Amino acid sequence: MSMNSLTEQRITCPYCGEMIDVLIDAQDESCEYIEDCQVCCSPIVFHISILPNGEFDVSVRSENDTF
């Protein structure tokens with residue numbers, strides 16, 4: 001797997017509830033970033049973590065939710 005491989009992931013917007021497809025940059029470390037919803041334009045916080053088997057886990061939350 002290359003260092004900058006993009007993977008498509010389906011998530012549910014924590015604001016409007018719409019299912020949207022996003023591209024996740026699968027890196028070798030955990031990260032958190034903000035990307036606007038494609039439907040309602042609200043800021044979604046993405047948390048990407050690498051699992052022990054090398055796959056990654058994507059969780060999303062609204063900007064006002066505590067993690």
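The structure, a predicted model, holds one aromatic pair. It is formed by Tyr33 and Phe46, whose rings are stacked at 5.2 Å centre to centre with 5 degrees between the planes. Rings of Phe, Tyr and Trp (its six-membered ring) pair if their centres lie within 6.5 Å, and planes under 30 degrees apart count as stacked, over 60 as edge-to-face and the rest as tilted. The pair links distant parts of the chain, with Tyr33 in strand 3 (residues 31–36) and Phe46 in strand 4 (residues 43–50), 13 residues apart. Strands are DSSP runs (E, at least two residues), numbered from the N terminus.

The two partners are described further by their accessibility. Tyr33 is partly exposed at 24% relative accessible area, whereas Phe46 is buried at 1%; buried means under 20%, exposed over 50% and partly exposed in between (1.4 Å probe, protein chains only).

Phe46 also belongs to the largest nonpolar core, which has ten residues, including Ile24, Ile48 and Val58. Such a core is a set of buried Ala, Val, Leu, Ile, Met, Phe, Trp, Tyr and Cys residues joined through side-chain atoms within 4.5 Å. Strand 2 (19–26) and strand 4 are the elements that give two or more residues to this core. Ile24 touches both Tyr33 and Phe46, contact meaning heavy atoms within 4.5 Å.

In the loop between strand 3 and strand 4 lies Ser42, which is buried at 17%. Among the residues that Ser42 touches are Tyr15 and Cys37, and Cys37 is itself a member of the core.

Residues are numbered from 1 along each chain as its sequence is written, and side-chain values use heavy atoms, leaving out hydrogens and water. Local features need pLDDT of at least 70 and side-chain atom pairs count only at pLDDT 80 or more, while totals for chains, interfaces and linings use all residues.

Methods
Helices (H or I, at least four residues) and strands (E, at least two) are DSSP runs, numbered from the N terminus. Lists of a residue's contacts leave out its neighbours within four places in sequence.
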